Amino acid sequence: MQNLLELKGVSRRVSDRFSLRDVTLAVEPGQIVGFVGANGAGKTTTIRAALGLIKLDAGEVRLFGQRCGADAPDETQRCLRSRVGLVLDTCPFPSTLKVGQIEPLVGPAYPTWDRKTFAGFIDRFGLDSKTKVKDLSRGMGMKLQLACALSHNAKLLVLDEATAGLDPMAREELLDELLAFVADGQRSVLLSSHITSDLDRAADRVICIDNGSIVFDLPREDITDRAGIAHCTQAQAAELMACVEGTRAARHAYSVDVLVPNHREVLEAFPEIPCDRATIDDYLRFMLKGALK
Ligand SMILES: Nc1ncnc2c1ncn2[C@@H]1O[C@H](COP(=O)(O)OP(=O)(O)OP(=O)(O)O)[C@@H](O)[C@H]1O
């Protein structure tokens with residue numbers, strides 16, 4: 001099936017200090033794709049490139065199979081973007097408007113806006129139409145954005161740090177909504193987040209960017225089900241790293257933690273070395289900071 005979003009070789013110099021470099025990634029239908037990286041790594045810039053909001057120096061972006069760079073005709077861009085639901089870390093609606101005044105502002109921008117669906121989400125999320133945007137809690141502001149994003153028959157949801165600052169219950173609810181959104185196998189979510197435990201639970205794929213370049217792009221289970229952290233002495237680490245491909249090490253005063261691609265194989269081959277499964281957080285730390293063998 002056709003990818004809902006594709007970036008191929010996207011490069012863009014943003015400033016003297018930061019460029020996107022040859023970024024290639026794809027979001028397949030039915031997937032939740034986690035997009036991770038340190039502060040300033042380039043997640044938001046990549047999302048802006050994906051939505052045709054910044055010009056590219058090289059490469060191409062396809063949304064729903066069609067080219068959607070900032071150089072595509074305005075009408076094409078508008079039409080393609082109207083099939084994307086965007087949720088940002090801060091509520092972008094005018095702060096003095098009431099919840100009940102948001103629909104007349106947002107709805108007309110989408111030819112496929114569905115009033116009944118929007119009313120259903122407002123009700124289900126417990127949003128009071130008389131409350132001003134500025135008086136909404138973080139979680140409620142996110143839910144208002146989500147209600148908008150889910151009410152125009154979007155095929156792709158893009159969430160940029162939308163779980164930041166949410167309490168665990170609100171994050172859980174959001175993840176359940178996202179899982180329901182992709183359940184028919186036709187729609188997808190691109191979720192940039194620093195809260196990697198959300199991705200441990202919900203992501204099908206995890207893509208990591210660092211300093212404007214993609215560092216890894218893996219099925220989530222390659223990280224959380226296969227990879228492991230072996231807790232070694234210096235001598236064990238040397239032996240393990242000599243035998244196993246694709247390891248990375250974090251050295252401590254008297255021990256060495258080694259990231260291994262397959263924890264089961266290590267437990268079989270080196271039963272004396274304790275080896276736990278890796279989390280996405282572990283994997284990220286080792287890939288960004290761990291020493292190669
Ligand atoms: N318009 C701009 N002009 C100059 N520099 C910019 C501009 N937009 C972004 N940057 C820089 O580009 C780099 C990447 O920023 P970006 O917001 O994409 O990172 P991020 O991964 O989303 O970070 P965070 O996790 O902190 O939100 C940063 O160093 C940022 O300061």
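Reader: Which glycine follows α1, with a positive phi?

Author: Bear in mind that this is a predicted model. Helix α1 covers residues 43-50, and the residue to look for comes after that helix and has a phi near 70°. That's glycine 52.

Reader: How many of the eight residues of α1 are buried?

Author: To count as buried, a residue needs 20 or more other C-beta atoms within 10 Å of its own. In α1, Lys43, Thr45, Thr46, Ile47, Ala49 and Ala50 make the list. So the helix is mostly covered, if we go by that cut-off, and the count of buried residues is six.

Reader: Which strands stand at the edges of the sheet?

Author: The sheet is open, and its four antiparallel strands run in the order β2-β1-β4-β5. An edge strand has a single partner, so one side of it has no neighbour in the sheet.

Reader: What class do seven residues of the shell around the ligand belong to?

Author: The ligand's surroundings include Gly37, Asn39, Gly40, Gly42 and Thr44, along with Lys43 and Glu161. Sorted by class, three residues of the shell are nonpolar and two are charged. The seven are polar.

Reader: What ipTM does the predictor give the complex?

Author: For the protein, pLDDT averages 92, and 98% of the residues score at least 70. For the complex, the pTM is 0.91 and the ipTM is 0.93.

Methods. Residues numbered from 1 in each chain as written. Predicted model: local features only at pLDDT ≥ 70, side-chain atom pairs only at ≥ 80, totals over all residues. Near = placed C-beta within 6 Å. Nonpolar A, V, L, I, M, F, W, Y, C, P; charged D, E, K, R; others polar. pLDDT = per-residue confidence, 0-100. Buried ≥ 20, exposed ≤ 12 C-beta atoms within 10 Å, placed from the backbone. Helix = DSSP H or I, 4+ residues; strand = E, 2+ residues; numbered from the N terminus. Pairing = 2+ DSSP bridges.
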